[in-house]
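Please look at the sequence and the model first, then read on.

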Amino acid sequence: MKLFQQLLVAPAAFGLIASGANAAELNINDVSDYAASAEQVTSVTQFADVVPTDWAYQALANLVETYGCVAGYPNGSTRGNRAMTRYEAAALLNACLERITEVTDELRRLLKEFETELAILKGRVDGLEARVGELEATQFSTTTKLKGKADFFTGAVKYADRNECNKKGGACEDDGFNFSYRYTLNLNTSFTGKDRLYTRLRAGNMNNVWTQSDSYLSDAKSGDNTLKVDKLWYSFPIGNEFKVTVGALIENYYMIETPTRYKPILKAFKLGGYGAVLGASTGQGFGVQWRQDADPGDAAFNIAVNYVADGGDGALSNSEKGMFGENTDAYLLSQVGYGNRKWFISALYALKNAQQDDGVTEAKAAIGYSTPTANNLAHPLHAVGLRGYWSPDDSGFIPTISAGLDFGWADSDYYGNAEAVKGWMVGLNWKDAFVEGNKLGLGFGSYSSYATEIRDRPNGGDQNFAIEAYYDFAVTDNITITPAVFWVDDANGKDQVDGANKFGGLVKTTFKF
């Protein structure tokens, strides 16, 4: 063996000898026989004790037929079931290194012959890698992604006692079977890969029972079939844990962690209860969110605070309105939460400031025309709430549970205004109900917030109640049919006209693209 080959083999051989895989007694004759037969085998089929079903058959075939560095013993065997001595391992390694050295010499000759061409190619590749690295580090192509949805609504409502309702001065006409729609386009644009400009376009024609105050659907959209910009905001990160959002058309709950897993039919059950704490209209606002940096799946804390000039007041330029005017419907919302995607609990505080409504005249109140609910709140209103959800590890009999509870209080100078309100709800969802991919939902609680104390009315207001059930049937990944029913009881508390309670039924068909 050439000197440099011996130098190559020596470290490997000594390594095998030092750490070897075998403690068997050394047989020098076997080692000599193994080394002496180094060029006697050209195919793995020449080994008498190797068959295609052996686990090492393919490995032996490669070493024999490709590299020619496994010979076995003079009797035509490999003795594969016997432990290998360190010296046999050294002999095998030596044979393979000799073959690798031969291949290396051939490669060296080829490299020498094409040295100029390879140098040119290498320079070009290095240049391309440098340019690609620079682009990846400094460049991001502005990207806009579109997601759309079309919702068809068919259904009707029926009053508990239409005749009695009308006798009491109500306007209770059973709603005929109707067919309306809502169309939504969501545009998400990013300029850096980490920020987000969100634009929502919507159109609808639901000027019917689905947008009335005592049967308002969560997905309802009134309108005249005109496609309009419905939401518009921009959010960007600061470091790994902070996010800032500024919106020209935004609602406050978009700037907190979503506190529920229940997606309702009635708007009153939205976000764990759409009332004293989270009830808001689209306006102009800004907010900051912090979320503790944690591994995926681990529980983490979050804190959020935001401000919205509700109902579009922030876009006005008169002295009493605007973003921070004396009579601006100003909503300050804060949240502290803890949890992960499977469970979450949060506490919320809201301050709702606006010009107080002068309520209703005492004469009208005496005959029952006041509205002692959250719709006629005294301002400023302080409200606190709890929200939370829990999801089981596996879908089955146990549902995902979402719940919310609100309390609000304020002082009023006007007769008939609510000075304390309360709201609650529980939402249950069963994933893969009856059929994999489908979902069953059941929600119940107060119909939005209701008044518990009313200015100059010692008996306060009556509790209201609503319940709903629905079933999401996934026809395909992009088409879902949702039949639903609901009942709304005493939506206006003590001012509810007899017979005005509602039972509703509808079918919502959703197309996503």
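## Overall picture

The model is a predicted one. Its protein has 513 residues, and 41% of them count as buried. The secondary structure consists of 7 helices and 17 strands.

The accessible surface of the protein is about 28,100 Å², with 56% of that area belonging to carbon and sulfur atoms. Contacts can also be sorted by distance along the sequence. Among those between residues at least 6 apart, 64% join residues at least 24 apart.

## Strand 1 and its partners

Which strands pair with strand 1? One partner is strand 2, residues 178–190, which runs antiparallel to strand 1, residues 143–159, and is joined to it by 13 bridges. Within this pairing, Thr154 has Phe179 of strand 2 as its bridge partner.

Another partner is strand 17, residues 502–512. Strand 1 and strand 17 are also antiparallel, with 11 bridges between them. Here Val157 stands opposite Gly504 of strand 17.

## Aromatic rings

Over the whole structure, 18 aromatic pairs are found. Ring pairs link five residues into a cluster: Tyr198, Trp233, Tyr253, Tyr254 and Tyr274.

The charged end of Lys267 sits over the ring of Tyr216, at 4.8 Å from the ring centre.

Is Asn464 buried or exposed? Asn464 counts as buried because its relative accessibility is 0%, and the cut-off for buried is under 20%. Asn464 is found in the loop between strand 14 (450–454) and strand 15 (465–474). A polar atom of the Asn464 side chain lies 2.8 Å from the backbone nitrogen of Tyr447. Beyond its neighbours within four places in sequence, Asn464 is in contact with Gly445, Ser446, Tyr447, Ser448, Ser449, Tyr450, Asp489, Asp490 and Ala491.

Ser402 is found in strand 11, residues 400–409. With a relative accessibility of 1%, Ser402 counts as buried. The side chain of Ser402 makes a polar contact of 3.3 Å with the side chain of Thr260, and a polar atom of the Ser402 side chain lies 3.4 Å from the backbone nitrogen of Tyr262. Not counting residues up to four places away in sequence, Ser402 touches several residues, among them Arg261, Gly388, Tyr389, Met425, Val426 and Gly427.

## A loop with positive phi values

Where does Asp432 lie? Asp432 is in the loop between strand 12 (418–431) and strand 13 (439–445). Its phi is near 55°, a positive value in a residue other than glycine. Asp432 has a relative accessible area of 33% and is therefore partly exposed.

Phe434 also lies in the loop between strand 12 and strand 13. The phi of Phe434 is near 70°, again a positive value in a residue other than glycine. How exposed is the residue, and what is the value for Phe434? Phe434 has a relative accessible area of 75%, so Phe434 is exposed, the cut-off for exposed being over 50%.

Technical notes:
Residues numbered from 1 in each chain as written. Predicted model: local features only at pLDDT ≥ 70, side-chain atom pairs only at ≥ 80, totals over all residues. Heavy atoms only, no water. Pairing = 2+ DSSP bridges. Helix = DSSP H or I, 4+ residues; strand = E, 2+ residues; numbered from the N terminus. Phe/Tyr/Trp six-rings, centres within 6.5 Å; stacked < 30°, edge-to-face > 60°. Lys NZ or Arg CZ within 6 Å of the ring centre and 35° of its normal. Buried < 20%, exposed > 50% of the residue type's maximum accessible area, 1.4 Å probe, protein only. Contact = heavy atoms within 4.5 Å. Areas by Shrake-Rupley, 256 points an atom, 1.4 Å probe, with all protein chains shown as cover. Polar contact = N/O pair within 3.5 Å; in protein donor to acceptor, adjacent residues only side chain to side chain.
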